[in-house]
Amino acid sequence: MSKKIRLGILGGGGNSLVGILHRIAAKMHDKYDIVGGVFSRDWDSNIEFANEIGISSRRVYADYEIMIKEELKLPQDQRMQAVSILTPNFLHYSMAKRLLENNFSVICEKPLTTTYEEAKELRSLVDKSGLIFAVTYTYTGYPMIRKMREMISQDAIGEVQKVDAQYYQGWINPIIHSSETRMDTWRLDPKKSGVSCCIGDIGTHAFDMLEYLTQLTIDKVLADLNYLYDDNKMDIDGSILIRCTNGVKGIIRASQIATGENNNFAVMIYGKKGGLKWEQENPRVLYFMQEGKEVQILKSENIDTDLLTEDAKLPPGHPDEIFDAMANIYKGAAKAINHQEYDPGEFPAIIDGVRGMNFIESVVESHKKGNVWITIDNK
Ligand SMILES: NC(=O)c1ccc[n+]([C@@H]2O[C@H](COP(=O)([O-])OP(=O)(O)OC[C@H]3O[C@@H](n4cnc5c(N)ncnc54)[C@H](O)[C@@H]3O)[C@@H](O)[C@H]2O)c1
């Protein structure tokens with residue numbers, strides 16, 4: 001019997017953006033076996049896709065409730081131990097809740113839920129059950145991001161005095177200018193996406209990244225969001241001033257109408273002695289800037305690209321190393337699921353997902369109240 005973690009997947013079918021990323025990441029360190037799941041709401045697509053990736057049709061289910069019921073009938077040493085949730089946002093909460101109530105660990109895509117209230121409820125279920133819950137803020141898994149966190153904590157740049165994260169994409173530009181084409185994406189539908197499009201989808205990555213790198217707590221936001229049209233209910237761009245509990249100030253800039261941009265996520269942290277800069281579209285490089293010295297260009301090495309197949313097609317702007325990034329998160333979660341020792345920096349946990357939801361709602365509130373400072377509660 002394999003010692004690998006038996007993993008189920010909800011969503012992430014052949015037509016999805018993140019499915020391939022999770023499947024490769026789960027396999028990269030030989031820690032998981034994907035044993036079954038629900039890959040699509042549509043039964044034919046579900047079963048066809050499962051056949052394509054070699055999942056036994058006995059473990060392909062019509063929906064997540066049936067999956068949970070049938071899996072619980074299996075002996076414990078065959079049953080799924082963890083389930084990845086890769087569906088549109090509005091399904092995360094109900095799926096995660098039922099999984100936790102039935103003793104499955106969860107690896108969930110961000111944003112964790114569609115409301116802060118739901119996120120807090122999941123957190124109390126995790127606390128009560130002792131189960132493992134990872135939230136896939138993918139970019140925190142990049143080797144150079146982990147190096148950056150380590151350098152900051154080891155005082156390489158001195159006391160942090162300015163933080164800046166920019167996440168620019170342009171993919172919404174071709175569809176935002178007509179109310180008809182706006183219907184083409186669930187991300188612009190508040191019922192499926194939540195209260196925010198741009199901040200929920202990518203601003204939340206920037207927020208999580210700044211806290212991950214600096215280990216500071218962001219506690220205040222002042223936001224100016226952009227909707228472009230009165231009949232568009234969802235932000236597609238925004239600028240957010242931030243303040244941390246220790247007084248450090250900074251900015252998060254996020255956009256899905258930055259025409260021509262692919263996945264231009266960049267993060268800069270400046271301290272009293274130096275600065276560090278990283279760009280997602282060139283992720284193997286970390287710039288280390290120090291007063292009066294030449295810029296040092298640090299490069300990641302030993303990158304394993306053997307597992308990248310021809311099918312691994314992600315939208316432009318997602319370099320190969322993103323597979324390593326997600327795989328590092330899966331590896332960290334595997335340690336926790338297997339009751340091994342791990343560092344809290346090895347995977348984003350439920351608290352990061354909860355803080356992400358708190359951030360999204362605070363940003364929208366700040367904007368709607370006329371661009372005022374809102375305090376993020378830090379409980
Ligand atoms: N971590 C990241 O960097 C990152 C990147 C992209 C997307 N995401 C997140 O991943 C999630 C999915 O995004 P996406 O872009 O892959 O979406 P998508 O629309 O491309 O894919 C969604 C998938 O879910 C399936 N699905 C829908 N309803 C289902 C149901 N009831 N049961 C089972 N499967 C169902 C669809 O068939 C499809 O395969 C979102 O929450 C998104 O925010 C995260």
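Good morning. I begin with the ligand: the shell of residues around the ligand divides into seven nonpolar, 10 polar and four charged. In total, 21 residues surround the ligand, and the closest are Gly11, Gly13, Ser16, Leu17 and Glu109.

The mean pLDDT of the protein is 94, with 96% of its residues at 70 or more. The exception I wish to mention is the stretch 302-312, over which the pLDDT is below 50. Beyond near neighbours in sequence, that stretch has 13 contacts in the model. Where pLDDT is low, the predicted coordinates should not be read in detail.

Let me turn to the domains. The domain assignment gives domain 1 as residues 5-138, and domain 2 as 142-317 + 349-375. Taken over C-alpha atoms, the centres of domain 1 and domain 2 are separated by 26 Å. Each domain brings 25 residues to the contact between them. Which elements of domain 1 supply at least two residues each to the side that touches domain 2? They are helix H1 (19-28), helix H5 (116-129) and strand S5 (133-135). Of these, H5 gives the largest share, with six residues. As for residue class, the side of domain 1 that touches domain 2 has 18 nonpolar, four polar and three charged residues.

My next topic is a pair of helices. Two packed helices are described by the angle between their axes and the distance between the axes. Helix H6, residues 143-153, packs with helix H10, residues 198-214, at an angle of about 45°, and their axes are 7 Å apart. This angle makes H6 oblique to H10. On the H6 side, the residues are Ile145, Met148, Arg149 and Ile152; they meet Tyr212, Leu213 and Thr214 in H10. Sorted by class, that contact has five nonpolar residues, one polar and one charged.

Finally, I would draw attention to two points in the backbone. Most residues other than glycine have a negative phi, and most peptide bonds are trans. Asn103 lies in the loop between helix H4 (92-101) and S4.

Thank you for your attention.

Notes: Residues are numbered from 1 along each chain as its sequence is written. This is a predicted model: local features need pLDDT of at least 70, side-chain atom pairs count only at pLDDT 80 or more; totals for chains, interfaces and linings use all residues. Axes are lines fitted to C-alpha atoms, for helices over the stretch in contact, and angles run from 0 to 180 degrees between N-to-C directions. Helices (H or I, at least four residues) and strands (E, at least two) are DSSP runs, numbered from the N terminus. Angles under 35 degrees count as roughly parallel, over 145 as roughly antiparallel, 65 to 115 as roughly perpendicular and the rest as oblique. Two residues are in contact if their C-beta atoms, placed from the backbone, lie within 7 Å. Ala, Val, Leu, Ile, Met, Phe, Trp, Tyr, Cys and Pro count as nonpolar, Asp, Glu, Lys and Arg as charged, and the others, Gly among them, as polar. Domain bounds come from an automatic or database domain assignment. A residue is near a molecule or strand if its C-beta atom, placed from the backbone, lies within 6 Å of it. pLDDT is the predictor's confidence in each residue, from 0 to 100.
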